[in-house]
Amino acid sequence: MLAGKRILLVIGGGIAAYKSLDLIRRLRERGASVRVAMTNAAKQFVTPLSVASLSGDKVYDELFSLTDEAEMGHIELSRDADLVVVAPATANLLARMAQGLADDLASTLLLATDKRTLVAPAMNLRMWLHPATRRNVEQLQRDGILFVGPSDGAMACGEFGPGRMSEPLEIVAAVETALAGETLLPLPKGAMTSGSLSGRRVIVTSGPTHEPIDPVRYIANRSSGRQGHAIAAAAAEAGADVVLISGPVEIADPKGLTTVHVETAEQMLAAAEKALPADIFIAAAAVADWRVAEARSEKIKKSGPTPTVLSMIENPDILATISMRKAGRPGLVVGFAAETEKVIGHAQEKLARKGCDLIVANDVSPEKGVMGGTSNTVHLVTPRGVESWPEMSKSDVGRKLIERLATLLERQS
Ligand SMILES: Cc1cc2nc3c(=O)[nH]c(=O)nc-3n(C[C@H](O)[C@H](O)[C@H](O)COP(=O)(O)O)c2cc1C
């Protein structure tokens, strides 16, 4: 996907600059060429020699360089790329971008470019949460600058929180998305999450269903409910009025939302319809496709004849039922596709068949450890294309998905 693409990478003066060396390598191994401009501060963190060795090109760092201007002027340099990436984007660089300053080569390139710009912020959490940075980020978003990250995590300064630069592979995924023309990259934490869904109603289904064979036995699956619950929690964090419809799970009900407990697919559908209307419906539950045609009302006795055949009938399709509603269809209907083969192909087919707006596809082969595990690797499949996210915690998937849906909803209104 990146073969033949030209990336202009601006490295800012942050401690995360060392990760940009790996980013260069990852971009180049996917076939992209990478030309690098460094700020003066960046050179305190990684050497131009390391950068040049990895990029296979000279490093651009001087605005007033006669040689560089003669070879490739700053305007040409800023445009001779398919995408401009800033990683790490320091608080200072974001401020300069927001103000439209052009006081060194890096900021001049950023102002002169006619290409899309993707920034990967990295800074101490207080700097990230400071009202000045918040204002700058909001301004840059309004200007159409794309963001990847930052994420939560331990920082070099010993603190913990938002401000950590996204990992190189996350940035690569964002670069692919930006180059594919998608405008909806995950938005930076702190700017969007809190309040981005206030006044909105979100319904999430989560967990497995249990389909009874008799009063004590049932057919189930390995879903833990962790992903659906994380999404519901993220939606509540974003200010939405959330109804979580949960199958039988062993995890606690998230705080700040209403949880409705159900057992079977039929009960889950009834609860979902009762919870409507909603702005967003997210079907994250692993609903049993079939149920036993005639569940016994009395326990099947071991002493009796062995029930060698269980005859099954199809369960209602909750996602399709909600998605195909003529009246009162939620603005956004999101499904999940848990697959063990041809993950994206099956998800695209499901998207079309069920008429939903977005499918979150994941590979649930036993060796991936997704079912019951705490992390997930997902692909977002929409009618416009596919976006693959690197492996991340189910909480991060939940938060990023909610950020994305809030933006989509915003665009609808
Ligand atoms: C050890 C050290 C680490 C730093 N790390 C960061 C950082 O991660 N993010 C940031 O925004 N600034 C960081 N700074 C401050 C920037 O280097 C400083 O604001 C500089 O002016 C940024 O210049 P630039 O934006 O032109 O690259 C750090 C400074 C020092 C001394």
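Trainee: Why is R135 called partly exposed?

Mentor: R135 has 13 other C-beta atoms within 10 Å. A residue is buried with 20 or more other C-beta atoms within 10 Å of its own, exposed with 12 or fewer, and partly exposed in between, the C-beta atoms being placed from the backbone. The count of 13 falls in between, so R135 is partly exposed. Before we go on: the model is predicted, so local features need pLDDT of at least 70 and side-chain atom pairs count only at pLDDT 80 or more, while totals for chains, interfaces and linings use all residues. Residues are numbered from 1 along each chain as its sequence is written.

Trainee: Where is R135 placed?

Mentor: R135 is in helix α8, residues 131-142. Helices (H or I, at least four residues) and strands (E, at least two) are DSSP runs, numbered from the N terminus. By that count the chain has 14 helices and 22 strands.

Trainee: How do you know whether V36 is buried or exposed?

Mentor: V36 has 25 other C-beta atoms within 10 Å, so the residue is buried. V36 lies in strand β2. For the whole chain of 413 residues, 46% count as buried.

Trainee: Which residues does V36 contact, apart from its neighbours within four places in sequence?

Mentor: They are L9, I11, I24, V51, S55, V59 and Y60. Contact here means C-beta atoms, placed from the backbone, within 7 Å. In the chain, 71% of the contacts with a separation of 6 or more are between residues 24 or more positions apart.

Trainee: What makes β1 and β2 a pair?

Mentor: Two strands pair if DSSP finds at least two bridges between them. Strand β1 (residues 6-11) and strand β2 (residues 33-38) are joined by six bridges and run parallel.

Trainee: What is the strand order in the open sheet of six strands?

Mentor: The order is β3-β2-β1-β4-β5-β6, with parallel pairing. The edge strands are β3 (59-60) and β6 (146-147), each of which pairs on one side only.

Trainee: Which helix lies across β1, β2 and β4, and how is its direction described?

Mentor: Helix α1 (residues 17-29) does, and its direction makes about 175° with β1. Axes are lines fitted to C-alpha atoms, for helices over the stretch in contact, and angles run from 0 to 180 degrees between N-to-C directions.

Trainee: Why is the unit of β17, helix α13 and β18 called right-handed?

Mentor: A crossover is right-handed if, with the strands pointing away from the viewer, the path from the first strand over the helix to the second runs clockwise. The unit β17, α13 (residues 343-354) and β18 is assigned as a right-handed β-α-β unit, so its path runs clockwise in that view.

Trainee: Where do the domain bounds come from, and what are they?

Mentor: They come from an automatic or database domain assignment. This assignment gives domain 1 as 6-179 and domain 2 as 201-295 + 309-412. Taken over C-alpha atoms, the two centres are 36 Å apart. Six residues from domain 1 and five residues from domain 2 make the contact. Helix α9 (residues 168-179) gives the most to the domain 1 side, with four residues.

Trainee: Which peptide bonds are cis?

Mentor: Among them is the bond joining G149 and P150, with omega about 0°. P150 is in the loop between β6 and β7 (151-154). Another joins L276 and P277, with omega about 5°, and P277 is in the loop between α11 (265-275) and β14.

Key. Contact = placed C-beta atoms within 7 Å.
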